[in-house]
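Dear colleague,

I am passing on to you the structure that I have been reading, and below it you will find what I found in it. Please keep it open beside this message while you read.

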Amino acid sequence: MKENIEHHNELRIPREDTCYVRIYPDPVLIKKAIPVWNIDGKVKEVADRMAESMYANKGIGLAAPQIGMLSQIVVADLGEGLRTLINPELVEGQGESVMEEGCLSLPTIEVPVKRMEKVFIRGWDLESKEVSLELIGFPGRVYQHEIDHLNGILIIHYVSRSKRELLIKKMFKDLKRSQGKGSIL
Ligand SMILES: [Zn+2]
């Protein structure tokens, strides 16, 4: 998930290098990620690359499909340091709230998304320890956004088809304009 609003007009098109983030309509973004069975060096390597890409693009959360890996891994840094969650699962949730969200894979797009206000999430860390998180408000929203990515769900799936088409059209126009100016990254 992207930092809110402040970066609204700041287009970041990642280059085809280590910090490259897949952008819609890359098909990998709408596929389901598969569970990680063995938390080994390879998983740590993927998590490192994800963190690098997230920080380089000023994100606060990133899911593995966004760097082209269909594995159930998410990273997030909500100002309290980096957290990696493997096979994260939304166990239960309560209440609801609506807030505008952005996504590194959908530059320039922000849409209101209804999510659960309080969530209980379970997963594993890089040391293969089970992690249980009870999150309220924005932090819970970020993890719900990243878990959505693992199921191939993007923020544009929360708006009507016609609104989605308009947003995508505008996104491509903005990206093209930004490339024309040579102002990428
Ligand atoms: Zn996202």
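**The covered helix**

Helix α2 is mostly covered, since 12 of its 13 residues are buried. The buried residues of α2 are P139, G140, R141, V142, Y143, Q144, H145, E146, I147, D148, H149 and L150. After α2 comes G152, whose phi is positive, near 75°.

**The chain as a whole**

The chain has 185 residues, of which 32% count as buried, and its secondary structure comes to 3 helices and 7 strands. Among the contacts in the chain with a separation of 6 or more, 67% are between residues 24 or more positions apart.

As for confidence, the mean pLDDT of the chain is 90, and 88% of its residues reach 70 or more. Over residues 5-16, however, pLDDT stays under 50, although the model has 22 contacts beyond four places in sequence for them. Where pLDDT is low, the predicted coordinates should not be read in detail, and I would ask you to keep this in mind when you look at that stretch.

**The sheet and the helices on it**

In what order do the 5 strands of the open sheet lie? They are arranged as β1-β2-β3-β6-β7, with antiparallel pairing. The edges are formed by β1 (61-63) and β7 (130-136), each of which pairs on one side only. On average, neighbouring strands of this sheet are turned by 40° against each other, if direction is ignored.

Within the sheet, strand β3 (residues 82-94) pairs with strand β6 (residues 118-124) in the antiparallel sense over 6 bridges. To find this pairing on the screen, you can look for I86, which stands opposite W124 in β6, and for G93, which stands opposite V119 in β6.

Helix α1 (residues 41-56) touches β1, β2 (73-77) and β3, and its direction makes about 40° with that of β2. Helix α2 (residues 138-150) touches β1, β2, β3, β6 and β7, and its direction makes about 20° with that of β1.

Strands β6 and β7 run antiparallel and are joined by 7 bridges, with G123 standing opposite V131 in β7. The two strands form a hairpin with 5 residues between them, and in the turn S128 has a positive phi of about 65°.

**The sides of α1**

Helix α1 has 16 residues and reaches 22 Å from its first C-alpha to its last, close to the 22 Å expected at 1.5 Å a residue. Its buried residues are V43, A47, M50, S53 and M54. Why can these be said to lie on the same side of α1? They cover an arc of only 125° around the axis, and therefore they are on the same side of the helix. These buried residues of α1 pack against β1, β2 and β3, whereas the face turned away from the buried side carries the exposed residues G41, K42 and E45. Just after α1, K58 takes a positive phi of about 55°.

A63 has its place in strand β1. Is A63 buried or exposed? A residue counts as buried if 20 or more other C-beta atoms lie within 10 Å of its own, and A63 is buried because 30 other C-beta atoms lie within 10 Å. Leaving aside its neighbours within four places in sequence, A63 is in contact with V74, E146, H149 and L150; E146, H149 and L150 are among the buried residues of α2. The C-alpha atoms of A63 and I73 are separated by 6.0 Å, while the two residues are 10 residues apart along the chain.

With best wishes

Conventions:
Residues are numbered from 1 along each chain as its sequence is written. This is a predicted model: local features need pLDDT of at least 70, side-chain atom pairs count only at pLDDT 80 or more; totals for chains, interfaces and linings use all residues. Two strands pair if DSSP finds at least two bridges between them. Helices (H or I, at least four residues) and strands (E, at least two) are DSSP runs, numbered from the N terminus. Axes are lines fitted to C-alpha atoms, for helices over the stretch in contact, and angles run from 0 to 180 degrees between N-to-C directions. Two residues are in contact if their C-beta atoms, placed from the backbone, lie within 7 Å. pLDDT is the predictor's confidence in each residue, from 0 to 100. The expected span of a helix is 1.5 Å times one less than its number of residues. The arc is that of the directions from the helix axis to the C-beta atoms.
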